[in-house]
Amino acid sequence: VRVIRNVDELTQAGNDFGLPLLLEEKVKLKTEVAQGFVKTHDGKLSLFPLVETLQKDGICHLVQYPPKVSQKVKQDVEDCIRRLSQSLVGIFSFEFFVDENDHVTINEGAPRPHNSQHLTIDASTASQFDVLVEALAGLPLTKIVTQASLMVNILGQTSGSNVSLTLPELPAGVKVVPKLYGKEKCAPGRKMGHVN
């Protein structure tokens, strides 16, 4: 993902990425949100929590629940998710742009467990992975209830094979759970793990 401001930057993007390129109008974003679901072949549906994401340079840095968005945005996203779920079976997550007028637009979708829902591992009655297993096993799907939480991605800063994690001091009573993904190679901006 790259923001293009002029013809020279467009030419450079073509050189960097090759052609064809998908160009989209830049909108004035207020925030981004994400929500997903699991749906079974027999129509059972479990919605994941609507979360707000903080993106930097096209990479998700932080996910928070609950999102600080209007009731209109929450309802528009849920309506969209319910419409999407009518024709899909499996696990899916969708990211949405929210503009200055609270207009919601789908940014992207993923047919898999998603980074934006990793906070469900430690802050919810069930995680996205738990509900996926329930769906695959033909069990009743748990309704995910989530408590206020943050997920911060651990992003590579340098290239190499040494991965270390240093956590800042936090107030007493704050539960911090780091999860490293076991990737052997680090690269700038690569998701190496997360902290809930």
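Predicted model: local features only at pLDDT ≥ 70, side-chain atom pairs only at ≥ 80, totals over all residues.
Residues are numbered from 1 along each chain as its sequence is written. Local features need pLDDT of at least 70 and side-chain atom pairs count only at pLDDT 80 or more, while totals for chains, interfaces and linings use all residues; side-chain values use heavy atoms, with hydrogens and water left out.

Colleague: Which residue caps the N-terminal end of helix 1?

Modeller: Helices are DSSP runs of H or I with at least four residues, strands are runs of E with at least two, and both are numbered from the N terminus. Helix 1 covers residues 7–17, and Gly 18, with a positive phi near 85 degrees, follows it. At the N-terminal end, a side-chain oxygen lies 3.1 Å from the backbone nitrogen of Asp 8, and that oxygen belongs to Asn 6.

Colleague: What is the distance between the closest N and O atoms of Glu 9 and Arg 5?

Modeller: A salt bridge is a side-chain nitrogen of Lys or Arg within 4 Å of a carboxyl oxygen of Asp or Glu, and the structure holds 7. For accessibility, buried means under 20% relative accessible area, exposed over 50%, and partly exposed in between, with a 1.4 Å probe and protein chains only. Glu 9 is partly exposed at 26%, whereas Arg 5 is exposed at 64%. Their salt bridge has its closest N and O atoms apart by 3.4 Å.

Colleague: Which helix holds both Arg 82 and Glu 78?

Modeller: These two residues form a salt bridge, with the closest N and O atoms 3.0 Å apart. Arg 82 is partly exposed at 38%, and Glu 78 is partly exposed at 27%. They are 4 residues apart, about one turn, and both lie in helix 2 (residues 71–85).

Colleague: How many residues apart in sequence are Lys 179 and Asp 122?

Modeller: Lys 179 forms a salt bridge with Asp 122, the closest N and O atoms being 3.8 Å apart. Because Lys 179 lies in strand 8 (residues 178–180) and Asp 122 in helix 3 (residues 120–123), the pair ties together parts whose separation in sequence is 57 residues.

Colleague: What is the accessible area of the nonpolar patch formed by Ile 4, Leu 10 and Leu 23 together?

Modeller: Patches take residues with over 30% relative accessible area and no salt bridge, joining like charges within 9 Å and nonpolar side chains (Val, Leu, Ile, Met, Phe, Trp, Tyr) within 5 Å. Areas come from the Shrake-Rupley method with a 1.4 Å probe, and for residues only the protein chains shown count as cover. Ile 4 sits in the segment before helix 1 and is partly exposed at 31%. Together the three residues have about 240 Å².

Colleague: Is the aromatic pair of Phe 37 and Phe 94 stacked or edge-to-face?

Modeller: Rings of Phe, Tyr and Trp (its six-membered ring) pair if their centres lie within 6.5 Å; planes under 30 degrees apart count as stacked, over 60 as edge-to-face and the rest as tilted. The whole structure has 2 aromatic pairs. Phe 37 and Phe 94 are 6.5 Å centre to centre with 15 degrees between the planes, which counts as stacked.

Colleague: How many disulfides does the count come to?

Modeller: A disulfide is a pair of cysteine sulfur atoms within 2.5 Å. The sulfur of Cys 80 is 19 Å from the closest cysteine sulfur, in Cys 60, and therefore too far for a bond. Cys 80 is buried at 12%, as Cys 60 is at 6%. By this rule the count of disulfides is 0.

Conventions
Polar contact = N/O pair within 3.5 Å; in protein donor to acceptor, adjacent residues only side chain to side chain.
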